[in-house]
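Colleague: I would like to go through the labels on this model. Please give the cut-offs as you go.

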Amino acid sequence: MPLSNDYQQFLDGLQSEKFSRLLPSQSHVLQDYSSDFSDRNDVAIELPTGAGKTLISLLIAEDWRRDRKKVVILSGNKTLARQMSDEADELGIPSVLMEGGASSIPARDRRSYQRAGQVAIMNYWVYFNQSPVIDPADLVIMDDAHLAEHCLDSLYSLEISKSRHSELFNALTDELRLKFPEYSVLADARDAPTTSTRPPELLSFVDQVSSNDRIGELIESSSAIQSDADFRFRWGRMRRSLDESNIYLSTNQIWIRPYIYPLGSNAHYEQSTQRLYMSATIGEPSDLSRRLGVRSIEKIPVPDEYRESSSGRRLVVMNEIGEDITGEKLTDVIKSAMRIQPKSLWLCSSTAEAIKFQSGFTTWLEANQFQTHQTWLLTSHGDEIDSFRRSAAGHLFVGGRFDGMDFDADECRFVVVPSLPRAINTQEEFLSAYLRDSGFMKSRLNQRIVQALGRCNRSPDDFAVYLLADKRFATHFGRESNRAGLTRNIISEIDMAQDWAELSGEELARRVSSFLSGDFSQFDDEVRDRLEDVPASEVAPSSDDVANREVVAWTALFNSHNYDVAARNFQHCSEVARESNQIEMGALQKWYWAKAEHLRAISGEAGAHDRSLELMNEAISRGGQSAWFNHMRASLNRARSGAPRIDSITNDEYASAVIQAFDDFLEIEGDRGPRYERTCQRKFGLLASDNHAQFQEGLEFTGKLLGFSSDRPRHNAAADCRWRGIFGNTREMFTFEAKIEHTGNAISASDLGQAHNQNSRAISEFGDRGYTVASVITTHMTEFESGADSSAGSIKVITKEAVQDLANIIRGLLTTYRGGWSLDNISDRRSAADRLRLSLPSSGWLLRAIENENRFIDSSTLLQEWNDR
């Protein structure tokens, strides 16, 4: 137990030249900690970036150490650990920095920590690992506590990457695809580019358990086991609990992990007396508990005057008008910033995204005479941070992390967040795509935005520009309900960003330049005015009962294989979700309850098999609006009576794909207000254009709303547009050659030759993967040149008018769907989707229309199955 009840006096006794007085916020937190929280097991301290959490950590650590207690301070990487060590030296606190494995940490240092002679400072991986080299601490301080999740990824999960483990990835996806054809993502894993947007799927526990022996064989016979030591060790840890894990399938990765990590059962966590979680963005303590798999966390209350403070000035720039990051307006902003502050930090949602933007931005730098600028991609060891800090001009790209790095003054004053950070790993992508009433995912999104907005504001005189480049930021913050949990100062900055987004590109770039040049007069006046309009913050009451029960359930399931305890707690979570009308999350909790019963049945418990099947059915029925739950019907049918009926799965898959496309569009463009109508007028209007590029864009847009993966290949002699669909056991590929700028009225043999070449290329690329390929010309022309018809072969012609009529049907259905749709209300969205399904044709409608005996496909032929609904 700590000894001090007056931390200012305690600080005075250290006689530090750098730290002499506590800030009011620090004094408040330390006083509350001393009087009310020093005897609690799990305590969180949340203060804004730059408010002095490091000093609080070190004072508490030294207080415990003087009471002869073992203390560790954990950081997200070596760089942060070294910074913490430097601060300890400034305070005169005895500390030892521990890095690397057992052989790298001297025995003297280990003894000094274990005898409470020094506070041990290290990154998470040194303390939480398979073979820890030091004794468990009495006090564990977790700095930037969310970063511990990255350590747990390596300790309790196995990633099979398409790029790093291609042979094993392909073998597993091929094996699973043959057994379970309804998982469209498995086919896409082979066929889709690395930029595919198809969301991941969770393998049904029934299918998983029946396949795990074979999965284990393929893993253990793979070259990855021999060549990748980290992979080998991780598989060794996961193999024992393969049945109990989740297996997530994506186009780029297979991820094996429990839904919740079992940190709470780790000896170096469990044997400590107190865990102290430090962060500027703790958010809901219950969700931090869920992310790390730990016991209930209590957060020290902080008054608004301290909670809403910020360090220095932040100018937030938002893309309101819907243009891409490569659009002229945002490009002008970036150029203006680069001329004054030639350094930038790019906070991306994933490593793959970071690599993509690093490559594109490097090309952009060269094209805009910034050739001397270096770029770095942040790796797990974090050494790139120091290289970036020291550079005069350069750009750091970070994937899946929004905290754990801080830059002072000219080290960096320009931050780009290129995409809405809704999900930073495969499990979160699954939750975001299929379980949209998971409120904690919305909280995590705002948490990451707040984390991003603090990276370059460390002191009162700091100033930085933060570019929120994704147009979905405007949609997200356009809803007042999505600002829950944000402080008043951040809301005022977002309000100003929305208003400034309506400025011309030239004026916005001018204001960015003035701000980065140190002219804050306009900024200060405007942000002050908007702050007055922001209502007082409301901190919603938090209930951590469900999170606690989830942690207990998953720890019992994954760690101790206690299926009885797991089932009881999943049942409780499912019932709470039902009572609070959480549809999709409630269905998932019941699904996990069914999983626990399934594993009980395998272990020989009478009656558990039938209970599991009944619970599966109830979960699917409850979550049926979500496409993933519909896919699970096939797994349930297999468990009951053998193979599923592929035709019903295929038809339902197509309707689900269209509904998902409509949902994605409405989430981006907004379900209310003029923005939706303006976007529809522009996008659908492209199909009336006589401009080739505009018509191509319209085809691509229409294909996406029709549930296809739609793209415009860029290579020479490529198709103008391609639509590719995987619906259950059906695979289709359509290539389009657009002839809409011609002044004549007849299609030439050359036009047909181009379409044939595209058809041959598509068959070569996709034919052996099970796709049916069809190629068409889309045109206003109504006949062939003399003799050209004889060379048409399989090529059909869809009239431009027919494509426009199809788009009009889609627009009408989208508008009707929008009328009953709600982003926040799952019940409303489910009802709207059920009505939409009745208006959609079955899978294969386009192929059947093209296979009509007529060479020219007019509106009556193309739309026959749509009009019959």
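Modeller: A charge sits over a ring if NZ of Lys or CZ of Arg is within 6 Å of the ring centre and within 35 degrees of the ring normal. This is a predicted model: local features need pLDDT of at least 70, side-chain atom pairs count only at pLDDT 80 or more, and totals for chains, interfaces and linings use all residues. Residues are numbered from 1 along each chain as its sequence is written, and side-chain values use heavy atoms, with hydrogens and water left out.

Colleague: What makes R257 lie over the face of Y261?

Modeller: R257 is at 4.0 Å from the ring centre of Y261. The limit is 6 Å. R413 has its charged end over the ring of F463, at 3.8 Å from the centre.

Colleague: Why is the pair of Y654 and F727 called edge-to-face?

Modeller: Rings of Phe, Tyr and Trp (its six-membered ring) pair if their centres lie within 6.5 Å; planes under 30 degrees apart count as stacked, over 60 as edge-to-face and the rest as tilted. The centres of Y654 and F727 are 5.0 Å apart and the planes stand at 90°, so the pair is edge-to-face.

Colleague: Which label do F766 and Y771 get?

Modeller: Edge-to-face too: 5.3 Å centre to centre, with 70° between the planes. The cut-off for that label is over 60.

Colleague: Are Y654 and F727 buried or exposed?

Modeller: Both Y654 and F727 are buried. Buried means under 20% relative accessible area, exposed over 50%, partly exposed in between (1.4 Å probe, protein chains only). F766 and Y771 are buried as well.
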